[in-house]
Amino acid sequence: MSTQRQRDELIAGLATDLRPVRGPGRAWPMALAWLLVAAVITSGSLLVTGEIRPGVANQLVDYPRYLVEMLLGVAAVATLGLAAFQTGFPGDEARLTRRTRLALGLLAIWIATLLTGLVDPALEPSMLGKREYCWWETPLYALPAFVLGCVWLRGLYVLNYRWSAALLGLAAGSLPALAMQVACMYDPAHGLVRHLLPGLAVGLIGAFAGRIALQRR
Amino acid sequence: MTDDPRRLEDEKRWSELMKRAQLGDSAAYERLLVELGHAIEAYVRNRFGGIDLVEDCVQECLLTIHRVRRTWNPDRSFRPWLFTIVRNQTIDVLRRDRSWRRSERAAVESGTSREADEPTRLVDGVVALQALPEPQRQVILLAKYGGLTAAEVAHEMGISEGAVKVRLHRALKAIASYLREQDT
C-alpha cells in the first residue's frame, strides 16, 4: 500500500465517529477533580484509622495564625496540583511557568511559617491527638492519589516526565501532611519532621519514578 | 523572524478547524488532519532531509495529535501547541530507530560522502538540541522549528523579546560548538 494511501486511511479512521472533547485545553477542571478525590481518600483514611485531634475546630476559630497556616497549606496543595496537571497541556509555557512559580512559592511560604513556629508557634505545642505512625501514614495516604494523578496525566501530553511527576508527588504528599496538622498532635518540630518531610518525599519519589510513571509515547 | 501572511492564514484556519473538531465535527477534523499531514511532512523534510522515516514521523504525529486533541486551548495559538508535539514525536521516532542511526554512523565511518555525513549530522543536531538548557531549547524550537516571531515567542514564554534574542544567540552558538566538536 502506498504511503499516501496509508496516511489517507489513517486520517479517515481518526475522523470517523469523532467524539467531542469536554473542557478543551483547561487544566483546572481536571486538577480540581483530582484534588477532591485525593481529599476524600485522605480524610477517609484518617477517619478509619483514628480520630481527629480534639478541639481542632475551636483552634481554627480562636487562633487566626493557625488558620492562616492551614489556609496557606491548602493554597500550596491546590496550586501544586494545578501546576502538575498544567504540564500535560503543551504549547503554553508562559502559563505553566507562572503556575509552577506560584505553587512552589506558596509551598515555600507554608514551610517558612512552620519553621517560624519552631521559635513562635501558632498554637501551644502539645501531645494531644498524637498518632503513633503519622510519619508513614502521610506517604501511604498520598500514594493512591499519586497513582490516580499519574493515570490521568498519561492521558494528556507530558513533555518532562520527571518534573510533572515531581509536582504531582509534591501535591499528593502535601495533602495528607496538611491533614495531619489537624488530625495529629500540634508541634511545629513534629509537624515538619513527621508530617511534611514524608509528604515532600513523595515528590522525590515522583522525580525518580517519573519516566516509569508517565511515559506513554 | 518576520510575520508571514501565509503562516497567519494557516494559524487562523487551523484554529477554526480544531475548534470545530473539538466539538465533534468530523469533516472539519478530516480536513485539518490532511493539511497538518502536509505541513508536518514539509517540516520533517526541511529539518531532517529525505530520510526514510518521514512518513513514520507524520503518522506518529497525527496519531498523537488525535489522542491529545483535548489539550489544545481554543483561546491560545495553535502553532505552538502543534509544533511542540511535532518536535517531540519526531525526535522520539528518530531516537527509537536505532538501526537507522547505526547504519548511518556505519556509512560515515566507512566513507566520507556528503550523503552519508548528512543524516549523522542531523542526529548530532538532534542530540545537540536535546543537550541545551530547557529555556534555550524552547526558544530554538518555537522560533526556528515552530516559525514563531520573536514577539510571539516572548509572549508564549512570558519573557521579553530581548531575552528571546539572547537565548537564541546562545543556543545557536552552543549547537555550532557541539557540531564542530563532533567533526574533530
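Read along the sequence, chain A follows the pattern α-α-α-α-α-α-α-α, and its secondary structure comes to 8 helices and 0 strands, where helices (H or I, at least four residues) and strands (E, at least two) are DSSP runs, numbered from the N terminus. This is a predicted model, in which local features need pLDDT of at least 70 and side-chain atom pairs count only at pLDDT 80 or more, while totals for chains, interfaces and linings use all residues. Residues are numbered from 1 along each chain as its sequence is written, chains are lettered from A and ligands numbered from 1 in the order in which they are written, and side-chain values use heavy atoms, with hydrogens and water left out.

The C-alpha trace of chain A spans about 75 × 35 × 30 Å along its principal axes. Of the 217 residues in chain A, 49% are buried, a word that here stands for under 20% relative accessible area, with exposed meaning over 50% and partly exposed in between (1.4 Å probe, protein chains only). Buried residues make up 49% of the 184 residues in chain B.

A:Asp17 lies in the loop between helix H1 (3-15) and helix H2 (28-49) of chain A, where A:Asp17 has a positive phi of about 50° although it is not a glycine, and its relative accessible area of 70% makes it exposed. B:Leu148, in the loop between H7 and helix H8 (150-157) of chain B, is buried, because its relative accessible area is 5%. B:Leu148 and B:Phe83 are 65 residues apart in sequence, and their C-alpha atoms are 10 Å apart in space.

Side chains of opposite charge can pair when their charged atoms come close.

In another salt bridge, the side chains of B:Arg76 and A:Asp92 meet (2.9 Å, N to O). That pair crosses between chains, from B:Arg76 in the loop between helix H3 (54-67) and H4 of chain B to A:Asp92 in the loop between H4 and H5 of chain A. A:Asp92 is buried, with a relative accessible area of 6%. A:Arg131 forms a salt bridge with A:Glu137, the closest N and O atoms being 2.9 Å apart, and both A:Arg131 and A:Glu137 are buried. Salt bridges that share partners also join A:Arg7, B:Glu41, B:Arg45 and B:Glu55 into one network.

Rolling a probe the size of a water molecule over the atoms shows where empty space is left. On a 1 Å grid over the protein atoms alone, a cavity is a set of points where a 1.4 Å probe fits but cannot get out, whereas a pocket is an open set with protein on both sides within 12 Å along at least five of seven lines, and lining residues have an atom within 4 Å of a point. The count comes to 3 cavities of 30 Å³ or more. The largest cavity is lined by residues from both chains, including A:Asp92 and B:Arg76.

The largest pocket is lined by 37 residues, of which A:Leu159, A:Asn160, B:Glu134, B:Arg137 and B:Gln138 lie nearest its centre. Helix H5 (93-116) and helix H7 (161-183) of chain A, together with helix H4 (78-96) and helix H7 (134-145) of chain B, each supply at least two residues of this lining, and the largest share, 7 residues, comes from H5(A).

How values were computed
Points joined across faces, edges and corners; volume = space filled by probe spheres on them. Salt bridge = Lys/Arg side-chain N within 4 Å of Asp/Glu carboxyl O.
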